[in-house]
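Thanks for coming, everyone. I have one structure to walk through today. Let me put it on the screen.

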Amino acid sequence: MGPTENVIETDPPTPAVVAHRAELDARREAVRAELAAFVPAGAQLVWEVGCGHGHFLTAYAAAHRDAQCVGVDTELDRIRRAVRKQERARLSNLYFVRTEARLFLEALPTDATLAAVFVLFPDPWPKRRHHKHRLLQENFLREIAARAAPGTPFYFRTDHEPYFRAVEAVLREHADWRLAPGDPWPFEQPTVFQARAAAHFSLVARRR
Ligand SMILES: C[S@@+](CC[C@H](N)C(=O)[O-])C[C@H]1O[C@@H](n2cnc3c(N)ncnc32)[C@H](O)[C@@H]1O
């Protein structure tokens, strides 16, 4: 179970809920320790959520040596491939961490902020009854905003037009973000999912 999954809360909590909380606490602490080892004090991170095999962020970090880049993904084999790319390219400004995105935010050192956020081809969960599993929703965007200074860019790209329109609508009404339709896409490097897609949609938003 991840932090985004539903656990029925009861009072007192069931043994399953207690075990789930303990597991999350342990995972959060493990990520916190991992991040403490490489996130410098006061870091301003370029964060890619759901980085997959790391194609995009490896190229981005190579082209932006002054940027501290962190990619996260829940899938171990994808993170392993991404780490191999980082090692081959000998990029000291790039890290990949296997973690769930919200857990990452919770584990991030308190003085670290997000300089830019990329979410590229997140799982679209096309069936209506599965929309609740979509990562990009009002509350997750609020959690990102809590670690971002005014003006921080948020970059979203997908090949699934209904998901694109839904995220666009959430951002249009969001208290923490404004759509920035005139802002350019900052860096092109096709991801695995982009290479498979016939077309895609991109948007830029900025922290209010
Ligand atoms: C459709 S793939 C896209 C991968 C890559 N961005 C690309 O464009 O090729 C979505 C990725 O997001 C990851 N993912 C899904 N939910 C996540 C979450 N809550 N936290 C971190 N990664 C997540 C999945 O494991 C998967 O690798």
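**Walking through the model**

Let me start with a loop residue: Arg-90 sits in the loop between H3 and E3. Keep in mind that this is a predicted model. Arg-90 has a positive phi, about 50°, and it is not a glycine. Is Arg-90 buried or exposed? It counts as exposed, because it has 8 C-beta neighbours inside 10 Å.

Phe-121 also has a positive phi, near 55°, and is a residue other than glycine. It lies in the loop between E4 and helix H5, residues 138-145. Phe-121 is buried, because 21 other C-beta atoms lie within 10 Å.

One more backbone point. Asp-11 and Pro-12 are joined by a cis peptide bond, with omega about 5°. Pro-12 belongs to the segment before helix H1, which covers 15-38.

Now the overall fold. The chain has 7 helices and 7 strands. From the N terminus, the order is α-β-α-β-α-β-α-β-α-β-α-β-α-β. The C-alpha trace spans about 50 × 40 × 35 Å along its principal axes. Why call the radius of gyration of 17 Å an agreement with a compact globule? Because a compact globule with 208 residues would have a value near 17 Å. Buried residues are 32% of the 208. Take the contacts between residues at least 6 apart in sequence: 76% of them join residues at least 24 apart.

On to the ligand. Which residues come nearest to it? Of the 21 around it, they are Gly-50, Gly-52, Phe-121, Thr-191 and Phe-193. Two elements give two or more residues to that shell: strand E2, 68-73, and helix H7, 192-196. H7 gives the most, with 3 residues. By class, the shell has 10 nonpolar, 6 polar and 5 charged residues.

In general, nonpolar side chains in soluble globular proteins tend to be buried together. Here the largest nonpolar core has 45 residues, and Phe-104 and Val-117 touch the most other members. E4 gives the most to this core, with 6 residues. What does Val-117 contact, leaving aside its neighbours within four places in sequence? Trp-47, Val-49, Ile-144, Phe-154 and Tyr-155.

Now helix H2, residues 55-63. Its buried residues are His-55, Phe-56, Leu-57, Thr-58, Tyr-60 and Ala-61. An α-helix has 3.6 residues a turn, so residues three or four places apart point the same way. What covers the buried residues of H2? The cover includes strands E1 (44-49), E2, E3 (94-98) and E4 (113-120). It also includes helices H3 (76-89) and H7. Two of those, E2 and H7, also came up in the ligand shell.

Last, some strand pairing. Strand E5, residues 153-158, and strand E7, residues 201-207, run antiparallel and are joined by 6 bridges. Thr-158 stands opposite Phe-201 in E7. Strand E6, residues 177-179, also pairs with E7: 3 bridges, antiparallel. There, Arg-178 has Arg-206 of E7 as its bridge partner.

The cis bond between Asp-11 and Pro-12. Phe-121, among the residues nearest the ligand. And Val-117, in the largest nonpolar core. That is my tour.

Notes:
Residues numbered from 1 in each chain as written. Predicted model: local features only at pLDDT ≥ 70, side-chain atom pairs only at ≥ 80, totals over all residues. Near = placed C-beta within 6 Å. Helix = DSSP H or I, 4+ residues; strand = E, 2+ residues; numbered from the N terminus. Nonpolar A, V, L, I, M, F, W, Y, C, P; charged D, E, K, R; others polar. Buried ≥ 20, exposed ≤ 12 C-beta atoms within 10 Å, placed from the backbone. Contact = placed C-beta atoms within 7 Å. Core = buried A, V, L, I, M, F, W, Y, C linked by C-beta atoms within 7 Å. Rg over C-alpha atoms; globule rule 2.2 N^0.38 Å. Pairing = 2+ DSSP bridges.
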